[in-house]
There are 2 protein chains.
Amino acid sequence: MSQTRKNLIVGQSGGPTAAINSSLYGVVKEGLRQKEKIAHVYGMVNGIEGFLNGTVLDFEEALPGEELEYLKTTPGAYLGSCRYKLPEDLEDAVYPKLFQKFEELEIGYFFYIGGNDSMDTVSKLSRYAKKVGSDIRVIGEPKTIDNDLVLTDHTPGFGSAAKYVATTVREIVLDANVYEKKSVTIIEIMGRHAGWLTAASVLARKSVGDNPLLIYLPETAFDEEAFLKKVEACFEKNLNVVVCVSEGIHDKDGVFICEYDNAVGTDTFGHKMLAGCGKYLENLVRNRLGVKARSVELNVSQRCSSSMMSKTDQKEAVSAGEFGVRLALKGETGKMVSYIRISNLPYAMKLGLEDVNEICNKEKTVPLSWITNEGSDIGEEFIFYALPLVQGQVEVPVGTDGLAKFVSRK
Amino acid sequence: MSQTRKNLIVGQSGGPTAAINSSLYGVVKEGLRQKEKIAHVYGMVNGIEGFLNGTVLDFEEALPGEELEYLKTTPGAYLGSCRYKLPEDLEDAVYPKLFQKFEELEIGYFFYIGGNDSMDTVSKLSRYAKKVGSDIRVIGEPKTIDNDLVLTDHTPGFGSAAKYVATTVREIVLDANVYEKKSVTIIEIMGRHAGWLTAASVLARKSVGDNPLLIYLPETAFDEEAFLKKVEACFEKNLNVVVCVSEGIHDKDGVFICEYDNAVGTDTFGHKMLAGCGKYLENLVRNRLGVKARSVELNVSQRCSSSMMSKTDQKEAVSAGEFGVRLALKGETGKMVSYIRISNLPYAMKLGLEDVNEICNKEKTVPLSWITNEGSDIGEEFIFYALPLVQGQVEVPVGTDGLAKFVSRK
């Protein structure tokens, strides 16, 4: 064994996804493989915030042997997460404090799995390392169901979330079709600023003219009157109309539909009670069109459903984790692992590295040219883009109770 | 071929489930097998209401060959449904109208798949048949995620819905655990009067003391102040508290929590906007306890998720369908197919027939002795009862798009 063996530490940050633990698995697995260069693979509990409080685990103790395998099918963030932004000022006292802790733990490789806020952490730590001449290598592993990171074809977590949305919408369409009575079902899907996940509802459509008949993203302005006209037009050919909307749809003045005054009540304490835009539109449709209406908020299952994991997403997330470790060992730092699409048919992808400073705090939205029908539908470009990402079923191991077996920290 | 060959007709009624098409598959498959006694297997589209309007399909044309197999993994009601109650008065003109249609179609066997309202239809049709001396045999096939039918150990559809609830709650618990900050997650589960499905959330618990920490059914009265005290007590040992509630929880005066005045807003039209009890409790917890709170309504996926189907539920539903046909051919009528549990370890069940008049318009609720901790938890009796029903994974066939392939009427 050489004297230069260092330790690796990895953390998770931001909202969890179905694949964030697959990325973690990739980092840990490759870290453990590289015995000649890496002595210990540590995890920081609750991200950089938890690390500052001193909570660290050793993966060989926490998930020995086969236990580690369960990470790949466990949703949520195994290590816990945080929403902590490092100070802009690299002179802040938190940096030397962090780097002293790194030194105490003999950290040579720092991995952070997260979205654009987390890449901000990667950027700052790598810049600070350069500033003080530390040789710690800092690598970001992308993660977000929102698919809104720039400089990568897509993000780990998006394929599984998209598969959940596509399949669940397809099921809800079946559910909506059972009665022979005019009805509107509004499905509210996650995505405040970027509509990628809502766009995935188009994959639920089995053929042209099939539900969901209308799809609205936050990339374009939402107009109530135009929407009601579209719904009425749908009724000419369909009894049951299913509409998918992003939680973040807003009008031309930028006001979120879920914030429209009439959509909320007031509780005993005089506090506003926010209903989602789905609930608002349900009421709008019922009142204005006089038809049966209901709304369904897909909610957190979009990011934590194990049964709807995409095999493609899972495999890519693992590879991205492994790749990051190998490249860090080659000396890379201040980079985020990225996905580069080589071809669409057959689908082929390779991994790359991008300057994390070009990624953090930026947001990639759905191209306007992919949004059709005056902002009420999604074009074929998106289908070609997204369909490869939802392919493949993952078998979730079951425990002695016959239900999905997940791992969690002791 | 004998002159006595008659036709079979089957319909679906009430809310759909993940297994209602498995029951349908069983009836159709067995009907098609009995070529010597049954000439055609028809389906009534949109239940008895649609049948009155003359919409009937022939299964050999609608789902030829292998197409029929997809029924078993297709959620929703393939034949469509209705919520139509036949008149109490058997002298009503609708009865001779119906029976004339049966005669025109040479129907000898009438099958209706549904809950207690649908069993009311079976009861009335069988009583009318007896009254007019018709030899049509009328059989009910149970169906409901609510599990509230009497004289049967459980109902087709419940096992799959229970599995969805147990697995999804387990996933949401992981999602709730990621931040190191006090939080309450309220999960609202279907069930207006019977809490069977909400009780299934106890299966999500991996060990004693694990989330969901509190479970409330509509079988007992809900008290806000006692609830808030329980939540506070949970915080002594847990940072993240997950609470599962039936949509139908109510106070000691029978007022539904979701109808508490403060839980609703008013829309532009002055109409009440109902938020669920989950939303109400979320706000209550946030305001009274000053902690982070969110609510998740599991919504229609509880009854239409194909990926969470229980193999046990699916197999039993198919068997119940087949069994009903064989017994109708033996002369049975005015009966509902029932499940009789023979043993729990190992789980064994046999099929029976019960007088439908003893079943319709009744409701089976969770025994009060199975509800523990002053109405805030579920005892082991329920776990022993429910665990066998959620066992086994079902592989859902995928189509050319790589997503779940379902069948629907042309």
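Colleague: By class, how many nonpolar, polar and charged residues does the lining of the largest cavity have?

Modeller: This is a predicted model: local features need pLDDT of at least 70, side-chain atom pairs count only at pLDDT 80 or more, and totals for chains, interfaces and linings use all residues. Residues are numbered from 1 along each chain as written, chains are lettered from A and ligands numbered from 1 in written order, and side-chain values use heavy atoms, without hydrogens and water. A cavity is a set of points on a 1 Å grid over the protein atoms alone where a 1.4 Å probe fits but cannot get out, and lining residues have an atom within 4 Å of a point. With Ala, Val, Leu, Ile, Met, Phe, Trp, Tyr, Cys and Pro as nonpolar, Asp, Glu, Lys and Arg as charged and the others as polar, the lining has four nonpolar, 10 polar and two charged residues.

Colleague: What volume does the largest cavity have?

Modeller: The structure holds four cavities of 30 Å³ or more. Volume is the space filled by probe spheres set on the points, joined across faces, edges and corners. The largest has about 100 Å³.

Colleague: Which residues are closest to the centre of the second largest cavity?

Modeller: That cavity has a volume of about 80 Å³. Its lining holds 13 residues. Closest to the centre are A:Glu297, A:Leu298, B:Tyr164, B:Glu297 and B:Leu298.

Colleague: What kind of axis relates the two copies?

Modeller: Superpose by least squares on C-alpha atoms with pLDDT of at least 70 in both. Chain A falls on chain B with an RMSD of 0.0 Å, by a turn of 180° and a shift of 0.0 Å along the axis. The copies are therefore related as by a two-fold rotation axis.

Definitions and conventions: On a 1 Å grid over the protein atoms alone, a cavity is a set of points where a 1.4 Å probe fits but cannot get out, and a pocket is an open set with protein on both sides within 12 Å along at least five of seven lines; lining residues have an atom within 4 Å of a point.
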